[in-house]
Amino acid sequence: MKTKVLFLLAIAVVLSVSCESPEPEAGSLKEAYSGSFKMGCAISPFMVSGRNPQAVDLLLSQFNALSPDNCMKPESLHPGPEVWNFGPADAYVQFGKEHGMFVLGHTLCWHNQTPSFFWERPDGTPKSRAELVETLRSYIETVVTHFAGKVDAWDVVNEIVAEDGGFRDLGWVKAFGGDGYEVAKLAFQFANEYAPEGTEFYYNEFNVWRPSKLEGVVNLVRRLRADGLKVDGVGIQAHWGLNYPKTEYIESAIEQLADLGVKVMITELDVDVLPISKEGQVIGKSLQDPQYQLEEFEEFLDPYKDGLPEEVEDQLAARYEELFKIFYNHRDQIDRVTFWGLHDGASWKNGSPIPGRTNYPLLFKRDLTPHKALEAVLSVPVKGE
Ligand code: GLA
């Protein structure tokens, strides 16, 4: 009997230790930056399900803004011509509202994660221009009407500008033909038309720091506004690395966008610590080649499988501190900084550009304890400019 009681007590102690919320030792991001900008995090339906209560506690203690990682993309909301799937996105929106957070809808018009039936007829032939306009119109009408008053803002168009400042010939743009501006214009027009007053509309993009691309984004926003459309903000995605982009490029992007009079947001922040990581979307494709999963590449390309060495942990902290100094110094121009995931284990950077690696791009580790980088980020407003 006594042994049984002792055994149960031991289990209770173990459970109480492992169930404790790992309170960040160094304070809270949303409090540290409360006078500066919103602090956001992209979350998945798993987070919304509450099946990891420690992760939910951490999220709520640190952040006051949410982005949906995948559940509001066209392939999730409208996976088949006759199929709509609002469940996970409804749960996300409700979770955000219940906790009084800023709720972003992401993303209405994108070339990626959009099924081909958006652009093709059932027999595989390309849709006519009129059919495409109607597809885009009815999709945006259905989605923004469904979430009317429940999302604070929409990423209306994602990643339509090319590295040289032109438009990318992909997805909607490829289907429409022409230079791409028309697609962006129609998407903003339909969002403006169907979303309730007070909803904000954003353009979201990666590599905005690149001067040629920045010029393309600035021109796009100017043209949309000249055409009478409400564009409230631009999201700088910020999938960055330990040594890129240069501070001067980031500052110039923030300043030039702010000069347009739009809100500037850092929307998808993560810092890749692994080799050959430059903007996954750009050089990622070739690195997905199966040869890079061969044993001889593994050690070189996936060096921190068993843990992050102290010196890289320090580099990550220094890099995050450097970035948050930039953001803090531009806090009058920045509206929100959002991390793309809560902890390293939830990051897309483990699978891209090379599948199956172990990356450490966020402020929290896989066990939800903070990296040194958290303290570094929290120290920035304390130290001041
Ligand atoms: C892009 C998209 C995001 C997400 C990330 C990577 O930047 O905007 O929704 O898919 O890529 O996961």
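1. Gln-113 is found in the loop between β3 and α7 (129-146); helices (H or I, at least four residues) and strands (E, at least two) are DSSP runs, numbered from the N terminus. This residue has a positive phi of about 50 degrees although it is not a glycine. Most residues other than glycine have a negative phi, and most peptide bonds are trans. Gln-113 counts as partly exposed because its relative accessibility is 21%; buried means under 20% relative accessible area, exposed over 50%, and partly exposed in between (1.4 Å probe, protein chains only).

2. On the source of these values: this is a predicted model, in which local features need pLDDT of at least 70, side-chain atom pairs count only at pLDDT 80 or more, and totals for chains, interfaces and linings use all residues. Residues are numbered from 1 along each chain as its sequence is written, and side-chain values use heavy atoms, with hydrogens and water left out.

3. Leu-368 also has a positive phi, of about 75 degrees, although it is not a glycine. Leu-368 is placed in the loop between β9 and α15. With 6% relative accessibility, Leu-368 counts as buried.

4. Two cis peptide bonds deserve a look. One runs from His-106 to Thr-107, with omega near 10 degrees, and Thr-107 lies in strand β3 (residues 102-109). Another runs from Ser-352 to Pro-353, with omega near 0 degrees. Pro-353 is found in the loop between β9 and α15 (372-383).

5. Which residues come nearest to the ligand? Of the 12 residues around the ligand, these are Lys-73, His-106, Asn-158, Gln-237 and Glu-268; a residue is near a molecule or strand if one of its heavy atoms lies within 4 Å of it. The shell around the ligand divides into three nonpolar, six polar and three charged residues. In this division Ala, Val, Leu, Ile, Met, Phe, Trp, Tyr, Cys and Pro count as nonpolar, Asp, Glu, Lys and Arg as charged, and the others, Gly among them, as polar.

6. An N or O atom in the side chain of His-106 is 2.6 Å from an oxygen atom of the ligand. For Lys-73, an N or O atom of the side chain is 2.7 Å from a ligand oxygen atom. His-239 has a polar side-chain atom 3.3 Å from an oxygen atom of the ligand. Taken alone the ligand exposes 300 Å², and the protein buries 91% of that; accessible areas come from the Shrake-Rupley method with a 1.4 Å probe, and for residues only the protein chains shown count as cover.

7. The structure holds 17 aromatic pairs. Rings of Phe, Tyr and Trp (its six-membered ring) pair if their centres lie within 6.5 Å; planes under 30 degrees apart count as stacked, over 60 as edge-to-face and the rest as tilted. Tyr-320 and Phe-339 form a tilted pair, because their ring centres are 5.9 Å apart and their planes are at 40 degrees. Tyr-320 lies in helix α14 (residues 310-329) and Phe-339 in strand β9 (residues 334-339), so this pair ties together parts that are 19 residues apart in sequence. Both Tyr-320 and Phe-339 are buried.

8. Phe-339 has another partner in Phe-324: the ring centres are 6.0 Å apart and the planes are at 10 degrees, so the pair is stacked. Phe-324 lies in helix α14 and Phe-339 in strand β9, so the pair ties together parts that are 15 residues apart in sequence. Phe-324 counts as buried at 0% relative accessibility, and Phe-339 counts as buried at 2%. One aromatic cluster is formed by Tyr-33, Phe-37, Phe-63, Trp-240, Tyr-320, Phe-324, Phe-327, Tyr-328 and Phe-339.

9. Arg-331 lies over the face of Tyr-328, at 4.0 Å from the ring centre. The charged end of Arg-366 sits over the ring of Tyr-360, 5.1 Å from its centre.

10. Glu-313 lies in helix α14 and, at 7% relative accessibility, counts as buried. Glu-313 and Tyr-360 are 47 residues apart in sequence and 8.9 Å apart in space, C-alpha to C-alpha.

Terms used. Polar contact = N/O pair within 3.5 Å; in protein donor to acceptor, adjacent residues only side chain to side chain. Lys NZ or Arg CZ within 6 Å of the ring centre and 35° of its normal.
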